[in-house]
2 protein chains.
Amino acid sequence: MLPDYNEHMFKSARVQLIGIIHTPFKEPKGCPIQPFFSSAEGTVEVFPEFRAGLEGIGRFSHIVLVYYFDRSDREDLVAAPYLERRKRGIFTIRSPHRPNHIGMSVVQLVSHRKGILKVKQVDMLDRTPLLDIKPYVPAFDARPKASSGWLTKRLAEVRGAKA
Amino acid sequence: MLPDYNEHMFKSARVQLIGIIHTPFKEPKGCPIQPFFSSAEGTVEVFPEFRAGLEGIGRFSHIVLVYYFDRSDREDLVAAPYLERRKRGIFTIRSPHRPNHIGMSVVQLVSHRKGILKVKQVDMLDRTPLLDIKPYVPAFDARPKASSGWLTKRLAEVRGAKA
């Protein structure tokens, strides 16, 4: 199906560090599995050479952090999600142990000053390498009525426990 | 601020191709800038060696495609968004010409059969290299009331024109 795709060119692609995400979570134990389960604050430090790219970021209430799961040492195709027994396809869960160790989280932007972003609802480990920041735009990114697959039941339980 | 960060280790990180996204858009001209502006259908082809990771994906109505902007040949820090004159910080727009050429789009999942996902609302070029698929979970990813920064006015205009 890929007669003219230049696979070689792509395979040499690298990702570069553009900053560091600082959070209260020094190790996987105790780290929230999603912003949904987190009220923790963190700091996104964008390196000076990339700070020009932040112009205007303060007008967004939420941003998408794209980062590298640098402490994952394996690539699973199926895995049991947090607190679950049954294994699921890796593309139906958010586990860090993925074929490409790329993570993304929607976080609340509290403030921005000189390349340092204060954010809320962080769910990544301290000193996580930052790859990209994207503006969160509800028209592009919010699908509030989407179905949650195997998570539907689990989330209902969590909500019940919170209520 | 990074006394013990092993920067070297991270800088050698690579991303690998796990599949190909097929869309009707052969070139940037005419390619929708976001799923929001697209009703196009596409096909996500996951390579056989990664297909085990798709188990259960069919129960999700939406998925997040993470991909590589392989036809971008530059890294801007500020750029004028599509149809705009004023330049904006790259981290406040979705331009492919970013420090790391990683794209993400929320698309609607229509069907899944043998590693081939039919999706709706695609906004990427044909033969875009796929890096990851994540389940779209409203509890994690939907922030319908988030502010849209500089896009607020622009989106209101688009909606007005559509109405």
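Colleague: Where does A:Ile102 lie?
Modeller: A:Ile102 belongs to strand β6 of chain A. Keep in mind that this is a predicted model.

Colleague: Is A:Ile102 buried or exposed?
Modeller: A:Ile102 is buried, because 23 C-beta neighbours sit inside 10 Å and 20 or more are enough for that label.

Colleague: Which residues is A:Ile102 in contact with, sequence neighbours aside?
Modeller: Leaving out neighbours within four places in sequence, A:Ile102 contacts A:Val66 and A:Tyr68 in chain A, and B:Val66, B:Ile102, B:Leu131 and B:Asp132 in chain B.

Colleague: On to the contact between the chains. How many residues does it take from each?
Modeller: It takes 69 residues from chain A and 69 residues from chain B. On chain A, the elements that each supply at least two residues include α1 (7-11), β3 (62-68), β6 (102-113) and α3 (151-162). The largest share, 6 residues, comes from β8(A).

Colleague: What is that side of chain A made of, by class?
Modeller: The side of chain A that touches chain B has 42 nonpolar, 12 polar and 15 charged residues.

Colleague: What rotation superposes chain A on chain B?
Modeller: A rotation of 180°, with 0.0 Å of shift along the axis, and the RMSD is 0.0 Å. That is how a two-fold axis relates copies. The copies meet through the same surface, because 100% of the interface residues of chain A are also interface residues in chain B.

Colleague: Another residue, then. Where is A:Ile93 found?
Modeller: A:Ile93 is in the loop between β5 and β6 of chain A. A:Ile93 is buried, since 26 other C-beta atoms lie within 10 Å.

Colleague: What does A:Ile93 touch?
Modeller: Not counting residues up to four places away in sequence, A:Ile93 touches A:Ala79, A:Pro81, A:Arg88 and, from the other chain, B:Pro135. As for A:Val15, the C-alpha atoms of A:Ile93 and A:Val15 are separated by 23 Å.

Colleague: Let's do strands. Which way do the side chains of β7 of chain A point?
Modeller: They alternate along residues 116-120.

Colleague: How many bridges join β6(A) to β7(A)?
Modeller: There are 5 bridges, and the two strands run antiparallel. A:Arg113 has A:Ile116 as its bridge partner. The two strands form a hairpin with 2 residues between them, and A:Lys114 in the turn has a positive phi of about 50°.

Colleague: What about β2 of chain A and β7(A)?
Modeller: Strand β2 (residues 41-46) also pairs with β7(A) in the antiparallel sense, over 5 bridges. There A:Thr43 stands opposite A:Lys118.

Colleague: And in chain B, which strands make up the closed barrel?
Modeller: The barrel of chain B has 6 strands in the order β1-β2-β7-β6-β3-β8, with antiparallel pairing. Neighbouring strands are turned by 45° against each other on average, direction ignored. Within chain B, β3 (residues 62-68) and β8 (residues 128-135) pair over 5 bridges, and B:Leu65 stands opposite B:Ile133.

Colleague: Last one: which residues touch the most other members of the largest nonpolar core?
Modeller: A:Leu65 and B:Leu65 do, in a core of 76 residues. Beyond four places in sequence, the contacts of A:Leu65 include A:Ile21, A:Val44, A:Met104 and A:Leu130.

Technical notes
Residues are numbered from 1 along each chain as its sequence is written. Chains are lettered from A and ligands numbered from 1 in the order in which they are written. This is a predicted model: local features need pLDDT of at least 70, side-chain atom pairs count only at pLDDT 80 or more; totals for chains, interfaces and linings use all residues. Two residues are in contact if their C-beta atoms, placed from the backbone, lie within 7 Å. Helices (H or I, at least four residues) and strands (E, at least two) are DSSP runs, numbered from the N terminus. Ala, Val, Leu, Ile, Met, Phe, Trp, Tyr, Cys and Pro count as nonpolar, Asp, Glu, Lys and Arg as charged, and the others, Gly among them, as polar. Two strands pair if DSSP finds at least two bridges between them. Axes are lines fitted to C-alpha atoms, for helices over the stretch in contact, and angles run from 0 to 180 degrees between N-to-C directions. A residue is buried if 20 or more other C-beta atoms lie within 10 Å of its own, exposed if 12 or fewer, and partly exposed in between; C-beta atoms are placed from the backbone. Copies are superposed by least squares on the C-alpha atoms of residues with pLDDT of at least 70 in both. A nonpolar core is a set of buried Ala, Val, Leu, Ile, Met, Phe, Trp, Tyr and Cys residues joined through C-beta atoms within 7 Å.
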